[in-house]
Amino acid sequence: MFQLGKTIVSEEILKKDFVCNLSACKGACCIAGDAGAPLEEAETHILEDIYPLVKPYLRKEGIEAIERQGTSVIGEDGEYETPLIDGADCAYVTFDRKGTALCGIEEAYNQGDIKWKKPVSCHLYPVRTQDYSEFSAVNYHHWYICDDACTLGKELQVPVYKFVKEALIRKYGEDWYAELEKIAEKLKQEEAEASSEK
């Protein structure tokens, strides 16, 4: 772990490799698990506002779940999250012809109907953040359903922090990310020097 501004960052996001492999996992992170995607409070208001524009991209079951529960819900841990369809799929999930889970919010964004891509927690994954009063924790979240993404990341030599660059900048800003890159470079250098000394 290291401190960067008001964040405490796990070195795993610099050392682990990761590239989403949708053809292998079929977007399982949107339909597995027993909770919706974590939401920031401000995002719950955004979802309320954009729902009429996102609705045409959603499945009937998703629309029913949202109109019954709301565009966001409070989970068991007391935090905001996206609603689920019968405790499984995220209500905003759609499927393509190959059965791959896609995000209805992101589809509306890609079509130019809205200017908000998707919840930042989805954009950041496999990075998970937790805000505390004094600082924010930035961690790598390992989930077995993403093992194919780890394999592909290793093949392509893409560390987690590079894979989620756009999302990290969205969350913490350009300057924070530039500092993170410097730390990653320094760590890489130190490891290279250590292995050459062996």
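Author: Tyr 125 has 9% relative accessibility and therefore counts as buried, a word used for under 20% relative accessible area, with exposed meaning over 50% and partly exposed in between (1.4 Å probe, protein chains only). This is a predicted model, in which local features need pLDDT of at least 70 and side-chain atom pairs count only at pLDDT 80 or more, while totals for chains, interfaces and linings use all residues. Residues are numbered from 1 along each chain as its sequence is written, and side-chain values use heavy atoms, with hydrogens and water left out.

The structure holds five aromatic pairs, where rings of Phe, Tyr and Trp (its six-membered ring) pair if their centres lie within 6.5 Å, and planes under 30 degrees apart count as stacked, over 60 as edge-to-face and the rest as tilted. One of these pairs joins Tyr 125 and Trp 143 in an edge-to-face arrangement, with 6.3 Å centre to centre and 80° between the planes. Because Tyr 125 lies in the loop between H6 and strand E9 (127-131), and Trp 143 in the loop between strand E10 (136-140) and helix H7 (147-156), the pair ties together parts that are 18 residues apart in sequence; helices (H or I, at least four residues) and strands (E, at least two) are DSSP runs, numbered from the N terminus.
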